[in-house]
Amino acid sequence: MKKSARWHSLNPKVKERIIKEQQAKAIANKKKREPKADKQRRMMMYYKKAQGKKKLSNKTARPLSIRDENRISLSSLQDSSSSSTTYQGTVISLTDFGAYIDIGTECDGLLHISQITREEFISHPKQVFSPGDVIDGLKIYRVAPELKKLQLTLLDSEKGEEENGGDDDEDELALMGLNNDSSEERVDPDRIPLEDIQIDDELWGEIKRVTNFGSYIEVGCEVYGFLHFMDHPFFGLVKEQHPSEYMRVGDRVRVWVSNLDFDKKRVQLTAMRPKTLPILRRERF
């Protein structure tokens, strides 16, 4: 009786706080007694809900529904592939090799990283784009209605590209080992095959392209060799110095092979003489 009288005499707000605390304790005790399988199932449901919310938040809104009848068919774009007509598009998703952009056609167009800019090397499209960005000045590069494929470009058309059909860019990508579609027919028979190169081989080459991570070097092989900026002897002489300040296009360099990847057709180079090689000594007579 004394306890019930004391309970009734408490302030309503105090009663509410005590009830909430007791309920929280009861839930915590119940979770302690929860079987391991039930706990794993409950945590998996939390994870799936969090993943679903993340996907919804990352989803890019399209200007037109993908099933809208007003979308442009790819067959009507075949005649405009060589014209100077520009389009506005919305970035839908990013990949390692480019960005998929919605320009109002029946399928998204691919803007390859080689078709973004000539001013600098872009290793990943996330350096310049984000999903949801609106891009102006897009042009039709290639159209294949039967395959439902559309390629876009931001580059100005040049005579060389019109005559060669853009093969120079694909050849350069193949030499750098960035074009996975390169076939054996594209390999120059006069170039050194990867099988004839070994670790620690000394090579002379010319720098063809400088990136934020290093440079691509023409060494006469079937692919360009890559020299990381940390493998250059001038690295670290000046703090936070960009590789382009001590590696310039056209420079002749002496390098050694540090790693070979035959599956991906890549050659890793170093400009510092390997310690595994014997030391050259001048004989005295």
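Me: What is the pLDDT over residues 159-167?

Reply: Over residues 159-167 the pLDDT is below 50, although this stretch has 11 contacts in the model beyond near neighbours in sequence. Residues 178-186 also have a pLDDT below 50, and that stretch has 10 such contacts. Where pLDDT is low, the predicted coordinates should not be read in detail.

Me: OK, now the overall picture. How many helices and strands are in the chain?

Reply: The chain contains five helices and 10 strands. Of its 285 residues, 31% are buried.

Me: What share of the contacts with a separation of 6 or more comes from residues 24 or more positions apart?

Reply: Residues 24 or more positions apart account for 60% of those contacts.

Me: Can you show me one pairing? In what sense do strand 2 and strand 3 pair?

Reply: Strand 2, residues 98-102, pairs with strand 3, residues 109-112, in the antiparallel sense, over four bridges. Within this pairing, Tyr100 stands opposite Leu110 in strand 3.

Me: And strands 7 and 8: parallel or antiparallel?

Reply: Strand 7 and strand 8 run antiparallel and are joined by four bridges. The two form a hairpin with six residues between them, and Gly220 in the turn has a positive phi of about 85°.

Me: Which residue in strand 8 stands opposite Tyr216?

Reply: Phe226 in strand 8 stands opposite Tyr216. Phe226 also stands opposite Gln268 in strand 10. Strand 8 and strand 10, residues 266-270, run parallel and are joined by three bridges.

Me: Those are aromatic side chains, so let me switch to rings. How many aromatic pairs does the structure hold?

Reply: The structure holds two aromatic pairs. In one of them, the rings of Tyr216 and Phe226 have their centres 5.1 Å apart and their planes at 55°, so the pair is tilted. The pair links distant parts of the chain, with Tyr216 in strand 7 (residues 214-218) and Phe226 in strand 8 (residues 225-228), 10 residues apart. Tyr216 and Phe226 are both buried.

Me: Why is the pair of Phe229 and Phe235 called edge-to-face?

Reply: The planes of the Phe229 and Phe235 rings lie at 65°, with the ring centres 5.3 Å apart, so the pair is edge-to-face. The cut-off for that label is an angle over 60 degrees.

Me: Phe229 and Phe235: buried or partly exposed?

Reply: Phe229 has 19% relative accessibility and therefore counts as buried. Phe235 has 37% relative accessibility and therefore counts as partly exposed. The cut-off used here is that buried means under 20%.

Me: Last topic, cysteines. How many disulfides does the structure hold?

Reply: The structure holds zero disulfides. A disulfide is a covalent bond between the sulfur atoms of two cysteines.

Me: What about Cys107 and Cys221: buried or exposed?

Reply: Cys107 is buried, with a relative accessible area of 14%. Cys221 is buried as well, and its relative accessible area is 0%.

How values were computed. Residues numbered from 1 in each chain as written. Predicted model: local features only at pLDDT ≥ 70, side-chain atom pairs only at ≥ 80, totals over all residues. Heavy atoms only, no water. Disulfide = S-S within 2.5 Å. Buried < 20%, exposed > 50% of the residue type's maximum accessible area, 1.4 Å probe, protein only. Phe/Tyr/Trp six-rings, centres within 6.5 Å; stacked < 30°, edge-to-face > 60°. Pairing = 2+ DSSP bridges. pLDDT = per-residue confidence, 0-100. Contact = heavy atoms within 4.5 Å.
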